Amino acid sequence: MYRIDLNCDMGESFGIYQLGNDEEILNYVTSANIACGFHAGDPSTMRKTVQLALEKGVSIGAHPGLPDLIGFGRRNMAITPEEVYDLVVYQVGALYGFVKAAGGKMQHVKPHGALYNMAAKDCALSEAIAKAVYDIDPSLVLFGLAGSELIKAGDRIGLKTANEVFADRTYEQDGSLTPRHKPNALIHDEQEAIQQVIRMVKEGKVRSQQGTDVEIKADTICIHGDGVHALTFAKKIFEALKKEGIVIKSLF
């Protein structure tokens with residue numbers, strides 16, 4: 001039996017600026033990664049998104065990013081492991097408070113954007129993130145790019161980890177995501193994205209930009225919630241996975 005978790009980045013509105021269709025997309029995912037105010041989100045948005053996720057029975061995770069609202073946390077920064085540890089503790093702690101106040105329990109932590117991609121390759125940064133998560137609550141699950149340094153760091157420190165794959169992103173032959181500034185980094189054809197996901201889940205393989213098959217482990221699939229067609233795509237991928245006999249369920 002094949003089983004997969006569907007996660008989506010959420011709570012990314014800020015002040016009067018609204019982004020995404022969180023309430024509707026929550027009907028089609030099993031884990032929500034909620035922004036913690038550094039790359040997106042604000043206290044009121046965090047509280048409301050936590051409440052929505054609890055009402056829908058969706059597992060909650062913190063989505064800490066770099067302090068870069070204008071760049072949406074997608075620009076690399078020169079940052080030390082100590083600074084990474086502090087900003088992760090700060091952001092996860094903030095969302096942890098909202099979850100506890102609402103009577104819920106946090107399931108996981110998934111770094112956002114540039115922080116996620118930097119940690120995927122940088123051992124020191126990945127260890128700082130893993131230590132921050134472990135020090136807050138060793139029962140939390142650490143989400144990271146499948147096979148990355150972040151997953152390895154989580155495993156070493158004793159955290160439960162979830163290898164994440166992406167529905168709408170292309171891959172390089174080393175298993176990394178194609179950088180967003182490069183051509184063909186995003187998959188715009190919905191059927192192509194769905195077939196990529198099904199293959200990753202069932203065969204443990206993905207076709208790279210270089211035309212080679214890359215071995216990949218899929219515990220959770222990321223669906224981006226900020227696109228124009230995000231809700232439609234969430235519905236289609238949810239239905240396609242069920243049609244393939246794949247059980248869609250949160251990790252723990």
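Colleague: What covers the buried residues of α5?

Modeller: Bearing in mind that this is a predicted model, the cover over the buried residues of α5 includes the helices α3 (81–101), α4 and α6 (149–157), together with the strands β4 (106–109) and β5 (141–145).

Colleague: And which residues of α5 are buried?

Modeller: The buried residues in α5 are Leu 125, Ser 126, Ala 128, Ile 129, Ala 130, Ala 132 and Val 133. The helix itself runs over residues 123–136, and its 14 residues span 20 Å from the first C-alpha to the last, which is close to the 20 Å expected at 1.5 Å a residue.

Colleague: Which residue caps its N-terminal end?

Modeller: That is Asp 122, which places a side-chain oxygen 3.0 Å from the backbone nitrogen of Ala 124.

Colleague: Let's move on to α7. What sits at the start of that one?

Modeller: There a side-chain oxygen of Asp 189 comes to within 3.1 Å of the backbone nitrogen of Gln 191. Just after α7, Gly 204 has a positive phi of about 70°.

Colleague: How many residues does α7 have, and how far does it reach?

Modeller: It has 14 residues and reaches 20 Å between its first and last C-alpha, close to the 20 Å expected at 1.5 Å a residue. Its buried residues are Glu 190, Ala 193, Ile 194, Gln 196, Val 197, Ile 198, Met 200 and Val 201, and what covers them includes the strands β1 (3–10), β6, β7 (205–207) and β9 (220–223), as well as helix α8 (230–243).

Colleague: Why does Gln 196 count as buried?

Modeller: Gln 196 counts as buried because its relative accessibility is 13%, and the cut-off for buried is under 20%.

Colleague: What do the polar atoms of its side chain lie close to?

Modeller: A polar atom of the Gln 196 side chain lies 3.2 Å from the backbone oxygen of Phe 166, and there is also a distance of 2.9 Å between a polar atom of that side chain and the backbone oxygen of Arg 169. If we leave aside neighbours within four places in sequence, Gln 196 is in contact with Phe 166, Ala 167, Arg 169, Tyr 171, Ile 187 and Val 206.

Colleague: Last topic, backbone angles. Is Phe 72, with its positive phi, buried or exposed?

Modeller: Phe 72, whose phi is about 55° although it is not a glycine, is buried, with a relative accessible area of 15%. Its place is in the loop between β3 (59–63) and α3.

Colleague: And where is Asn 184?

Modeller: Asn 184 is in the loop between β6 (160–166) and α7. Its phi is also positive, near 65°, in a residue other than glycine, and at 56% relative accessibility Asn 184 counts as exposed.

Notes: Residues are numbered from 1 along each chain as its sequence is written. This is a predicted model: local features need pLDDT of at least 70, side-chain atom pairs count only at pLDDT 80 or more; totals for chains, interfaces and linings use all residues. Side-chain values use heavy atoms; hydrogens and water are left out. Helices (H or I, at least four residues) and strands (E, at least two) are DSSP runs, numbered from the N terminus. The expected span of a helix is 1.5 Å times one less than its number of residues. Buried means under 20% relative accessible area, exposed over 50%, partly exposed in between (1.4 Å probe, protein chains only). Contact means heavy atoms within 4.5 Å. A polar contact is a pair of N or O atoms within 3.5 Å; within protein, one must be able to donate a hydrogen and the other to accept it, and residues adjacent in sequence count only if both atoms are side-chain atoms.
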